[in-house]
Amino acid sequence: MSATRPITLLIAALGGEGGGVLTGWIVSAAEAAGFPVQSTSIPGVAQRTGATTYYIEIFPEPATALNGKRPVLALTPGIGDIDVVVASELLEAGRTVLNGFVTPDRTHVIASLSRFFTMDEKTAMGDGRYDDDKLTKLIREQSRDALLFDMTRIASENGAMVNAVMLGAIAGSDRLPISIEQFLTAIGGGGKAGEANRRGFQAGLATAQAQAEAGKAVAVKKSAAPTLASLEQQAASAYPGIAQPIVIEGVRRLVPYQSVAYAQLYLYRLKPIADADRESGAQGALLKEVARHLAVRMSYEDVVRVAQEKISPERMARIARDELRVKGEPYSVHDFLKPGIEELCQLLPPFIARPILNLAERKGWLGRLYFGMEINSTSVSGYLRFLVLAKLRAIRPYGYRYAQEQAQIESWLALIAEASKRSSALALEIAECARLIKGYGDTHTRGLSNYGKIEAGLIRPAIAGRMPVDRAIDAIASARTAALVDPDGESLAKCLADSGAVAEAA
Amino acid sequence: MERSFKKEVEALKLGNGETFHGEGILAVTKALLQSGVSYVGGYQGAPVSHLLDVLVDAEGIMAELGVHLETCSNEASAAAMLGASINYPLRGAVTWKSIVGTNVAADALSNLSSPGVIGGAMIILGEDYGEGASVIQERSYAFALKSSMWLLDPRPDLPTIVRMVEKGFELSEASHAPVMLDLRIRACHVTGQFDAKDNRKGQVSGLNRLHGPPRFNYARLAHPPVIYAQEKLKVEQRLPAARAFIRENTLNQTIDGDLTDIGIIAMGGLTNSVLRGLERMGLADVFGASRVPLHVLNVAYPLVPEDIREFCASKRAVLVVEEGHPDYVEQAVNVELRRADIQTKVYGKGLLPQGGEYTSEVLLGGLAGFLQATRPNGVDADALAEKASGIVARKAATAQAIGTALPVRPPTFCTGCPERPVFSAIKLMQREIGPTHISADIGCHAFATFQPFSFGNSILGYGMSLASAAAVGPNMDRRPIAIMGDGGFWHNGLITGVASNLFNKGDGVLVVMQNGYTSATGLQYMPSSKTSRSGVPPGMDIEQTLRSMGVKWMRKVRTYSVAKMAMTLKDAMKSAERGLKVIIADGECQLARQRRVRAEDAVKLERGERVTRTRYGVDDAICTGDHSCIRLSGCPSLTVKPSPDPLRTDPVASVVESCVGCGLCGEVAHAAVLCPSFYRAEIVRNATWWDRALFRIRQTVIGWLGGYNGAATA
């Protein structure tokens with residue numbers, strides 16, 4: 001019985017990425033090389049961005065040398081029987097491993113590090129992304145070897161589709177008995193598409209050959225806003241340790257957000273936390289988290305902040321340069337705003353805002369009455385509108401929202417300081433709860449209400465000693481996760497009930 | 001159509017001495033032409049959409065051969081078309097997705113197979129079973145059994161598939177029964193090659209027409225009293241004739257092996273997988289020589305009793321490998337052996353699973369089990385079983401290694417899909433008036449059953465949504481909403497749903513997604529498409545049709561207007577007026593639109609005409625990472641990315657390059673009052689002098705005011 005076996009290749013891709021075309025290239029390259037080859041696929045409706053696979057078998061002996069015999073090639077991939085796995089996306093590469101197709105004795109994995117997030121990952125109210133490191137670790141552990149790089153990035157840098165880069169990577173990996181020329185011939189074709197494909201192929205090839213594992217693009221940190229150097233210095237010297245960069249970042253944010261004095265308030269508020277951190281032996285972890293959340297909370301999203309961001313020169317430059325790729329052509333940017341009564345009252349003094357809001361509540365206008373507008377921020381009148389709103393920064397501290405926010409912040413900080421006397425871990429959990437309060441309109445209201453439930457049901461009882469600290473720590477952490485599971489609050493309610501939270505009235 | 005086959009069509013012209021390279025479904029098309037068909041038709045659906053698409057693109061060749069092509073309005077009309085072969089020596093073939101299409105066609109099929117045919121009649125079934133399938137999992141086998149149609153299940157390699165098509169027509173004519181050719185998903189898409197033959201013109205065709213009908217012959221009707229005689233004909237004449245033909249032409253194949261006291265009876269379609277399993281156990285070679293004898297059933301129905309007896313007689317045990325439930329072949333083999341009093345033990349379901357696809361590892365497990373049960377001489381069955389269970393255990397081991405399950409990735413609405421906004425609107429409407437019963441249907445809109453919508457309480461088949469809500473409405477406080485695509489509307493929904501509802505003075509809300517194509521199956525034209533394969537508009541209109549049927553409450557809403565759609569839905573739900581309320585959700589399929597618009601824009605750009613490109617974006621400094629927008633929109637181009645803000649850990653929303661600028665995210669942000677982070681950016685190519693002047697003035701003034709004046713990019 002013949003010792004030669006087919007080389008098996010499993011391609012995992014998403015619908016619409018050209019996996020079928022890639023399969024076609026490999027098949028015609030193998031045919032050109034004279035080998036018996038067969039491919040199958042299960043496209044169906046998966047072509048609509050669903051996960052799908054293609055399967056290829058190549059018999060690595062020329063058909064002419066087989067004396068008319070034809071190898072029987074299989075239609076389905078077999079566990080433990082796959083030589084090469086190619087994936088255009090990291091999670092899909094991981095899926096082939098979990099389906100058993102990647103085995104340490106023989107499978108070479110050629111996969112992209114790029115992620116195309118699934119709906120479940122995207123719809124999470126916090127961070128629902130699957131852990132990339134877990135996936136790469138799994139792939140490396142379970143495969144014979146793995147060639148991983150960001151194929152999507154390379155494709156976009158070269159103006160090519162990802163399938164061409166994948167083909168290049170396959171060619172460069174040297175796992176198939178097919179020459180680079182044969183692959184190139186398979187891509188064939190002139191025209192713009194052919195050129196783009198060849199560019200993508202060469203880029204994939206070069207990367208694979210270099211075996212260079214390009215790390216993922218590091219998120220570009222925003223350039224520091226102009227700020228008072230003295231304040232930064234003060235922050236740096238007052239808060240050494242792991243919290244330092246966060247505190248400096250906070251100062252940098254709050255000066256343009258409001259004023260130098262406001263940033264000083266930030267530093268002042270951190271002082272008791274720094275003390276609590278030291279006393280509870282948190283080694284800077286508590287201070288760091290509080291500093292992070294406090295800066296975000298103090299720069300709460302109001303009309304002034306939105307207006308500032310909308311007309312910031314960096315923003316317009318980014319849109320023109322990165323998104324529209326403007327080369328001298330006219331362009332425009334239109335913003336969608338839909339403030340409600342609450343937003344309009346934000347900047348009014350509390351004694352005026354309250355009666356209006358009360359009236360609105362009675363009349364049922366809250367959450368119903370909005371003023372929709374679409375503003376061309378690149379027109380003079382649109383720009384001016386935002387500019388005026390941004391200039392209202394000066395009156396912000398006298399406004400209703402400011403008073404409300406500061407009160408909530410003070411209360412939260414007090415809870416943290418109080419809790420740190422019992423346990424730094426408990427304090428840290430309370431600090432993390434700030435994560436729930438974010439967004440605009442409904443989202444913001446929902447976050448506040450969720451926080452309120454956790455505060456009343458878990459935090460206060462824990463501080464008052466009515467709940468064992470260890471249990472409270474776990475309960476707060478799971479309640480926070482539950483609050484971010486569904487917008488209807490079902491998970492949170494269930495979680496609070498399960499953890500024996502004290503009824504809200506308590 | 002989504003895919004053009006202009007290139008592949010060339011392969012249909014190949015003749016004697018040339019080699020065909022390509023996909024299984026194309027090979028079938030070529031085999032039809034080599035068999036001299038006079039007419040072809042069908043209804044699209046994976047995995048046989050391509051067969052029809054290819055035929056549409058091949059109209060030139062078809063005209064040369066005088067072949068009539070009909071893109072039928074549903075499978076029943078396709079099946080009825082085979083009626084042409086009852087009276088006339090016309091070979092014809094139709095195709096559809098099974099099991100669903102066969103269900104729809106069942107009435108015509110029964111009435112076809114009772115009188116029988118004189119011209120070869122073939123049905124190409126795309127057996128949508130197993131991984132990648134999109135319909136309920138049932139076997140088409142039952143239809144073959146009950147209607148006495150023959151079922152071919154060829155080995156999935158092109159020469160066999162092509163031979164079975166050609167022989168299938170002969171079989172149909174020799175036995176006067178329709179023949180079904182069953183192709184699984186992977187077989188439809190398998191690539192390979194075969195030696196082509198010249199195409200044949202039909203004996204009678206568009207080029208050589210009949211001069212009139214034959215003399216009146218009552219026996220050709222499916223009508224009493226001849227139906228009683230026809231039933232007898234099926235079993236007394238057609239079945240024996242078919243068996244004789246199968247045996248004479250060796251349509252089934254026997255592979256000898258040295259382990260003569262055991263054997264495997266496998267469906268043709270599963271044979272390659274069985275051989276690979278044996279090869280992995282060292283019991284076969286890669287060229288298909290096996291130590292375990294195999295009887296390959298390229299004809300799954302009818303079985304040939306002599307063949308079965310001959311294969312089993314000298315064996316202690318055989319394993320029947322057939323996919324799905326019930327185990328028709330295993331039962332039939334048992335009966336044959338019992339009748340012949342042959343004591344061979346029959347294994348099948350039990351060693352192999354009752355239901356589900358026979359994947360590589362499932363077969364490996366079944367084969368190992370069979371060897372353990374029979375212990376053939378010189379084979380270490382236990383060692384093989386251990387190896388097989390090690391392979392099967394691999395999945396569990398990796399699952400344990402990673403700990404948490406991977407998120408699923410079902411298909412979803414395309415970027416810019418006009419149907420998705422309707423579900424955003426339903427979500428908003430439900431926020432106000434509470435949850436409603438939603439009867440879902442078949443089509444792209446069924447993707448709304450997945451995240452982030454999770455809409456749909458039932459799916460009863462193509463075009464059945466309204467009918468399936470008929471008994472829900474009268475028993476529920478709130479009106480049910482039925483979702484139906486325009487494809488489903490013309491396929492079935494018009495009569496089954498709308499006519500029945502109006503006839504019964506029903507209530508309820510029907511949303512018809514008017515996108516202009518049967519999009520899920522690959523963008524085929526249908527009766528209300530703006531154009532057709534001939535370029536002439538079919539001229540049928542859903543709104544007019546419904547008006548003439550007597551629908552009073554009807555609104556046509558552009559799907560992207562989310563706020564208006566939500567309002568209209570609310571009106572329909574709350575209106576005091578009784579009766580069917582129809583909302584026509586109007587928006588062209590974006591896949592089709594993009595293909596057209598991109599080409600048009602490219603031409604305009606070339607000609608120097610003004611072209612605006614629109615895309616949407618999210619300000620990551622304003623986005624707080626709550627993802628409400630994603631939960632309402634579900635667009636593939638609206639995704640998340642790490643927050644560039646060092647103070648925030650939750651990822652922010654982001655619009656990626658693939659955005660087509662449909663505007664839904666802006667609409668949703670507006671309608672749902674989400675957040676101010678969305679913006680629309682437009683760039684004008686080949687701008688007019690006025691565009692340029694205005695832009696320059698604006699930039700200058702904004703520059704004076706301290707804003708961005710384009711200095712960095714100018």
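Student: How many helices and strands does chain B have?

Tutor: Helices (H or I, at least four residues) and strands (E, at least two) are DSSP runs, numbered from the N terminus. Chain B has 25 helices and 24 strands. This is a predicted model: local features need pLDDT of at least 70, side-chain atom pairs count only at pLDDT 80 or more, and totals for chains, interfaces and linings use all residues. Residues are numbered from 1 along each chain as its sequence is written, while chains are lettered from A and ligands numbered from 1 in the order in which they are written.

Student: Why is chain B described as compact as a globular protein of that length?

Tutor: The radius of gyration is taken over C-alpha atoms, and the globule rule is 2.2 Å times the number of residues to the power 0.38. For 714 residues that rule gives 27 Å; chain B has 30 Å, close to it, so chain B is as compact as a globular protein of that length.

Student: Which peptide bonds are cis?

Tutor: Most peptide bonds are trans. B:Ala46 to B:Pro47 is cis, with omega near 5°. B:Pro47 sits in the loop between β2 (39-42) and α3 (49-57). B:Pro224 and B:Pro225 are also joined by a cis bond, omega about 5°.

Student: Is B:His627 buried or exposed?

Tutor: Buried means 20 or more other C-beta atoms within 10 Å of a residue's own, exposed 12 or fewer, partly exposed in between; C-beta atoms are placed from the backbone. B:His627 has 29, so B:His627 is buried. Its phi is positive, about 70°, although B:His627 is not a glycine.

Student: What about B:Ser454?

Tutor: B:Ser454 is exposed, with 10. Its phi is near 50°, also positive.
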